[in-house]
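This report covers the ligand site and the pocket around it.

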Amino acid sequence: MKIGFIGLGNMGGPMAANLARAGHAVTGFDLTAPMPEGVSRAATAAEAAQDAEVVITMLPNGAILRAVAAEVIPAMTAGAVLCDCSTVDVDSARAVAEMAVAAGLGALDAPVSGGVGGATNGTLTFMAGGTEAAFARVAPLFEIMGQKAVHCGDSGVGQAAKICNNMILGVTMIATCEAFALADKLGLDRQKMFDVVSTSSGYSWTMNAYCPAPGVGPTSPADNGYKPGFAAELMLKDLDLSQQAAVSADADTPMGQLAAELYRRFVTEESGRGMDFSAMLPRFAARGRG
Ligand code: NAD
């Protein structure tokens, strides 16, 4: 398949490389990032999109996505599919899909979970919004870049799935960390706390699979000095998107709102930037109620 790939950073680079390695003809464009092996360089985003059957974008945010989409949509061939894999706000995802469909193209919002490791190893999970036909067209590429692709419904709901999942993740991580910090102060050993909670009704992915306490549970960023992993500032980005969507849809999300406030403070005032999002545990452990 002829594929245009725009945005070849930490995630897009290895995703494009996997498509090229699988034998697809990939033409890439990025403002700064180097071309991955096997990907030919285009001079502009529009050039990367010309003649492509599928154009994939992996960009930092919704404003950049809108700008890139305005440039590539007129250059694309009728019937081709524009597939955005970035994490962006639901409104931008829907606006870009509308623009693409009006131009006779297919459109998908297909954000991912799995991080840079998943992008490199081809084990991402894709959650897609758009028509059945557009999803079917891109599904073979999802199979190369990932291990699972779920067609969630119409345009925008792929992003909805992503931000709802990550809102649960952020809230749950904070709950797990504050409970460990409370356990410390009550004289409950962290390993014993894990032994009980991981097999009781307080269990969760953050406790059982990504435990924020060093030396407890399976290996996680906590065992590596809280180097990410999933950086606190990326969690903040996703929590902010969930709150933007909640305001836009008039949804009451008090826990998500508080999680966003705590991660904002952590990243902007408390040296959390560049740390894994589980570094909330040392933050809570070092504090009192004041
Ligand atoms: P990144 O900053 O490494 O890559 C983004 C790339 O886009 C950069 O190389 C940048 O030069 C390029 N770019 C910016 N504006 C451009 C333009 N106008 N034209 C062409 N290229 C342009 O970011 P990333 O970590 O690869 O993340 C990409 C997206 O994936 C984000 O939306 C992020 O939220 C999402 N995501 C990231 C992770 C992760 O763990 N890093 C996990 C899941 C989802």
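The lining of the largest pocket divides into 23 nonpolar, 16 polar and 5 charged residues; Ala, Val, Leu, Ile, Met, Phe, Trp, Tyr, Cys and Pro count as nonpolar, Asp, Glu, Lys and Arg as charged, and the others, Gly among them, as polar. The model is predicted: local features need pLDDT of at least 70 and side-chain atom pairs count only at pLDDT 80 or more, while totals for chains, interfaces and linings use all residues. Residues are numbered from 1 along each chain as its sequence is written, and side-chain values use heavy atoms, with hydrogens and water left out.

A pocket is defined on a 1 Å grid over the protein atoms alone, as an open set of points where a 1.4 Å probe fits, with protein on both sides within 12 Å along at least five of seven lines; lining residues have an atom within 4 Å of a point. Of the 44 lining residues, Met11, Gly115, Val116, Phe230 and Leu234 lie nearest the centre of the largest pocket.

The ligand sits in this pocket, meaning that more than half of its atoms lie within 2 Å of the grid points. Around the ligand are 23 residues, with Asn10, Met11, Asp30, Leu59 and Lys237 the closest; a residue counts if one of its heavy atoms lies within 4 Å. This shell has 13 nonpolar, 7 polar and 3 charged residues.

| Residue | Protein atom | Distance |
|---|---|---|
| Aspartate 30 | polar side-chain atom | 2.6 Å |
| Lysine 237 | side-chain N or O atom | 2.8 Å |
| Threonine 87 | polar backbone atom | 3.0 Å |

Note on methods. A polar contact is a pair of N or O atoms within 3.5 Å; within protein, one must be able to donate a hydrogen and the other to accept it, and residues adjacent in sequence count only if both atoms are side-chain atoms.
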